Amino acid sequence: MAANAVPVIGFIGLGVMGGAMCRNMALKHAGEVIAFDTNPKAFEVLEGTKARIVGTVAELSAKADVVFLSLPGGPQVEAVCLGAQGLTSGARKPAVIVDLSTTTVASARAVGAKLASLGTAFSDAPVARTREAAQRGELSIMVGADESLYARIEPLLRYIATDVTHCGDVGCGQVVKLINNALVFENTVALAEMMVLGERAGVQSAVLLDAVSKGSGDSFVLRNHGRKSMLPRQFPEKSFPPEYALKDIGYVLELATQTGVSAHVTELAQRYYAATAANGFGGRYFPAVIEVIDRNIGPAQAEAKA
């Protein structure tokens, strides 16, 4: 691909977040956008766009210059990038692979090193914010890449994000994303405890959230997870469940071990979400942690019950 040519974009993984991101790229990119997913129904999100659907990763790799991935985790990213039927298995390889998924830091750096040896540049660029933000093209993206690669992909990331931060070399995007997620999960547990405490002490949760939002206790979690989910006690399926929270928390604790940090608050949050998943809220939106707190099913009680 010539330096000034419009790249062909490939996109793999059209789930809740990936589908919205791919749709925005297809609507905004001047060049061709090619999409792949293992679920045929996933392509419905691209109706009304110019995106071209392909049936295999190999077909996508044969045409795409820059490939974006939105996958469940590190093993899937490694398989798609380096597997026998992956993006680098054929005669033609993409010039750049950008991983929008959340993986371990070690996985991102290992995949990046292997791809570099094969002549393909790699960036970890995990996304933050909600499904609605993804649909609006208003995500926040934390990018791990060298300076030259960041300059190449940043304009493309602007199709799907209003905030794009260069965090450092490969792996640094995942560091920041995992810390971001851990803070959200931990803050949600803390807010849930205080909402239950307030209710039992005679203060309605709506009043509590309104008052705290005007003071130094305000937070993104209060205004979003608190108001929109915990206050009405609505925890839908097909949102971010406690199982996903546990996956990300596991990644954070792995990084903490590798760096010699004692992450006790994160460990406590892990136990709370394990209790949430094990007590009727598996597959439901993770702020359901307030229900196990309200029922006095904290980590200790859940472990004793098991």
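Where is Gly90 placed? I looked this up to begin with, and found Gly90 in the loop between helix H3 (74–82) and strand E5 (96–99). A reminder to myself for every entry below: this is a predicted model.

I noted Gly90 as partly exposed, because its relative accessible area is 35%.

Val164 belongs to strand E9 (residues 161–168). Its relative accessibility is 11%, so I put Val164 down as buried.

**Entry: strand E8 and its partners**

Opposite Val164 in E9 stands Ile141. E8 and E9 are joined by six bridges and pair in the parallel sense.

On the E7 side I found another arrangement to write down: strand E7 (residues 127–128) and E8 run antiparallel, with two bridges joining them. Ala128 has Ser140 in E8 as its bridge partner.

How many of the six residues of strand E8 (residues 139–144) are buried? I get six of the six, so E8 is largely enclosed by the rest of the structure. Taking the faces in turn, I listed Leu139, Ile141 and Val143 on one side, with Ser140, Met142 and Gly144 on the other, and all of these are buried.

**Entry: strands E1 and E2**

Strand E1 (residues 9–12) pairs with E2 in the parallel sense, over four bridges. Phe11 has Ala35 in E2 as its bridge partner.

For strand E2 (residues 33–36), I wrote down that Val33 and Ala35 point one way while Ile34 and Phe36 point the other way, and that all are buried.

**Entry: helix H1**

Which residues of H1 are buried? My list reads Gly18, Gly19, Ala20, Met21, Cys22, Asn24, Met25 and Ala26.

**Entry: the second largest pocket**

H1 came up again when I turned to the pockets. The second largest pocket has a volume of about 210 Å³. Which element gives the most to its lining? That is H1, with five residues. H1 and helix H5 (131–136) each supply at least two residues of this lining.

The residues I found lining the second largest pocket are Leu14, Gly15, Val16, Gly19, Ala20, Arg23, Asn24, Lys41, Ala42, Val45, Arg131 and Gln135. Sorted by class, the lining has five nonpolar, four polar and three charged residues. Gly19, Ala20 and Asn24 are in this lining, and they are also among the buried residues of H1.

**Entry: cysteines**

How many disulfides does a search of the whole structure find? The count is zero.

Cys22 counts as buried because its relative accessibility is 0%. Cys81 is buried as well, with a relative accessible area of 0%.

**Entry: positive phi**

Most residues other than glycine have a negative phi, so I made a point of writing down residues that depart from this.

Arg233 is one: its phi is positive, about 55°, although it is not a glycine. Arg233 lies in the loop between helix H9 (220–230) and helix H10 (242–259). With a relative accessible area of 25%, Arg233 is partly exposed.

Asn296 is another, with a positive phi near 60° in a residue other than glycine. I located Asn296 in the loop between helix H12 (289–294) and helix H13 (299–305). Is Asn296 buried, exposed or partly exposed? Its relative accessibility is 46%, so Asn296 counts as partly exposed.

How values were computed: Residues are numbered from 1 along each chain as its sequence is written. This is a predicted model: local features need pLDDT of at least 70, side-chain atom pairs count only at pLDDT 80 or more; totals for chains, interfaces and linings use all residues. Side-chain values use heavy atoms; hydrogens and water are left out. Buried means under 20% relative accessible area, exposed over 50%, partly exposed in between (1.4 Å probe, protein chains only). On a 1 Å grid over the protein atoms alone, a cavity is a set of points where a 1.4 Å probe fits but cannot get out, and a pocket is an open set with protein on both sides within 12 Å along at least five of seven lines; lining residues have an atom within 4 Å of a point. Grid points are joined across faces, edges and corners, and a volume is the space filled by probe spheres set on the points. Ala, Val, Leu, Ile, Met, Phe, Trp, Tyr, Cys and Pro count as nonpolar, Asp, Glu, Lys and Arg as charged, and the others, Gly among them, as polar. A disulfide is a pair of cysteine sulfur atoms within 2.5 Å. Two strands pair if DSSP finds at least two bridges between them.
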